[in-house]
Amino acid sequence: MSHKTYKTEIKPTQQQVDKILQTIGVCRFVYNLFIAVNKERYAKGETYLNGYAFSKWLNNDYRYLHPENSWIQDVSSKSVKDSVMNAHYAYQQFLSGERGFPRFKKKHLSKTGVYFPRNNPKDIEVERHRIKIPTLGFVRLKEFGYIPVGTTVTGVTIKTIAKRFYVSCTVDIPVTPTQSTGDNLGIDLGVKEFAVISTGEVFNNINKSKRVRRLNKRLKREQRRFSRKIIHRKKVTTATESTNCDKQRTKVQKIFHKLECIRKDYIKKIVSSLVKTKPASITIEDLNIQGMMKNRHLSKAIAQQNFYYFRSKLTEKCLQLGIKLRIADRFYPSSKTCSKCGATKKDLNLSDRTYICPACGLEIDRDLNAAINLKHCAHYKVA
Ligand SMILES: [Zn+2]
């Protein structure tokens, strides 16, 4: 079995919108309460209250201590539990030293979501034009028939972005191996081009396209306007100022979301075009994105490339189609090796766009050379 995630816009009724926002609000409150309680205990040197113990405390003692907050009980208890567990995992990561102290969730995050798990098989049902969600009932889908009818869904997440609502659900789907051509593809990912394939195919960097550049400019302009409005609001607070500020926030979120959609759609297209050639395996580099992001000049360009998203989409598709996804060893010198004779060139600069082999005289595009090397790479792990 492999998983596939469907994400699509929904058209909830006003009543459902209220319920979704209420659930999101309660979940955020509970998340923050977990952090606050543990912050206090931590400061006092007391032991940490884990997610299970916290849930118990919330459902018993807290209810009697704070009857004014009984609205916590008005939303799905499973959603609340899920939120507590998210805080629990964030705290665990802090305790193990992986991350810093968990931060409080702010009200106006660009994306806020809530999870509705399935309690019994009848809880979540997918029909062509609507989806049944626990505590909400049937919600209209904007795109009919996108989520396959009759699939088993274990839970759905509802997100709100720029005043619109989206549902995402993960479904189990059987593996359907395709007749492969037996070939292996090597993919070199980069900032100049998004990807260069060992076949010579090139996928351009969409962030350099006119459409994205224009949207980026607009985003910057609206962001500037937004920050000005916030500063102004701090001085004068009238109802109109407040609405204007909210309007501007939505405007920024909308452009942001649009850009994200364009980038993600493009990646999905690349992935499906790669697997369409039915290779037996695909080899990519083990990108050290954290390391690359430390390069101040490149970090923004790298973040905009969504390499993580590309890798997770590619992994998902490869699993589904029975294609082996190989991750080349991080120290495999794919750019410094000659793809013809195997000699290595130590003094290769980032600015050298053409690889010229000192041993055999091969002259080849730098990224294509790396892609061909990845195709033949023998040091890898299977994703
Ligand atoms: Zn050579």
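Begin by selecting strands S9 and S10 (residues 202–204), which pair in the antiparallel sense over three bridges; strands are DSSP runs of E with at least two residues, helices are runs of H or I with at least four residues, both are numbered from the N terminus, and two strands pair if DSSP finds at least two bridges between them. The model is a predicted one, in which local features need pLDDT of at least 70 and side-chain atom pairs count only at pLDDT 80 or more, while totals for chains, interfaces and linings use all residues. Residues are numbered from 1 along each chain as its sequence is written, and side-chain values use heavy atoms, with hydrogens and water left out.

Within this pair, Ala195 stands opposite Phe203 in S10. Follow the chain from S9 to S10 and you pass through a hairpin with four residues between the strands, where Gly200 in the turn has a positive phi of about 105°.

How many of the five residues of S9 are buried? Four of the five residues in S9 (residues 193–197) are buried, so that the strand is mostly covered, where buried means under 20% relative accessible area, exposed means over 50%, and partly exposed lies in between (1.4 Å probe, protein chains only).

## A buried threonine

Select Thr283 next, which is found in strand S11 and is buried, with a relative accessible area of 0%. Leaving aside neighbours within four places in sequence, Thr283 is in contact (heavy atoms within 4.5 Å) with several residues, including Asn184, Leu185, Gly186 and Ile187, as well as Arg326, Ala328 and Leu374. Show His376 too, because the C-alpha atoms of Thr283 and His376 are 8.6 Å apart in space although the two residues are 93 residues apart in sequence.

## The first and last strands of another hairpin

Move to strand S4 (residues 130–133) and S5, which run antiparallel and are joined by four bridges. Ile133 stands opposite Gly137 in S5, and the two strands form a hairpin with three residues between them, in whose turn Thr135 has a positive phi of about 70°. Strand S5 (residues 137–141) also pairs with strand S1 (residues 2–11) in the antiparallel sense, over two bridges, and there Lys11 stands opposite Arg140.

## Two loop residues with positive phi

Select Ala162, which lies in the loop between strand S6 (153–161) and strand S7 (164–173), and whose phi is near 50°, a positive value in a residue other than glycine. Ala162 is buried, with a relative accessible area of 5%.

Then select Lys278, in the loop between H6 and strand S11 (281–285). Lys278 has a positive phi of about 50° although it is not a glycine, and at a relative accessible area of 38% it is partly exposed.

## A helix and its cover

Select helix H5 (residues 210–235), whose 26 residues should span 38 Å at 1.5 Å a residue; its end C-alpha atoms are 39 Å apart, which agrees. The expected span is 1.5 Å times one less than the number of residues. The buried residues of H5 are Val212, Leu215, Asn216, Leu219, Glu222 and Phe226, and what covers them includes helix H6 (239–276) and helix H8 (299–305). An α-helix has 3.6 residues a turn, so residues three or four places apart point the same way.

## The zinc site

Which residues coordinate the zinc ion? Select Cys338, Cys341, Cys357 and Cys360, whose SG atoms coordinate the ion at 2.3 Å; donors are N, O and S atoms within 2.8 Å of the metal (3.2 Å for Na, K and Ca), and water is not among the atoms, so sites may look incomplete. The four donor atoms subtend angles of 108 to 112° around the zinc ion, which makes the arrangement tetrahedral, a term used for four donors if all angles lie between 85 and 135 degrees. Along the chain, the donors follow the spacing C-x2-C-x15-C-x2-C. Cys341 in the loop between strand S12 (324–328) and strand S13 (354–356), and Cys357 in the loop between S13 and strand S14 (363–365), are 16 residues apart, and the pair links distant parts of the chain. Cys341 counts as partly exposed at 40% relative accessibility, whereas Cys357 is buried, with a relative accessible area of 3%.

Notes. Four donors count as tetrahedral if all angles lie between 85 and 135 degrees; four count as square planar and six as octahedral if opposite donors are over 155 degrees apart and all others between 65 and 115; anything else is irregular.
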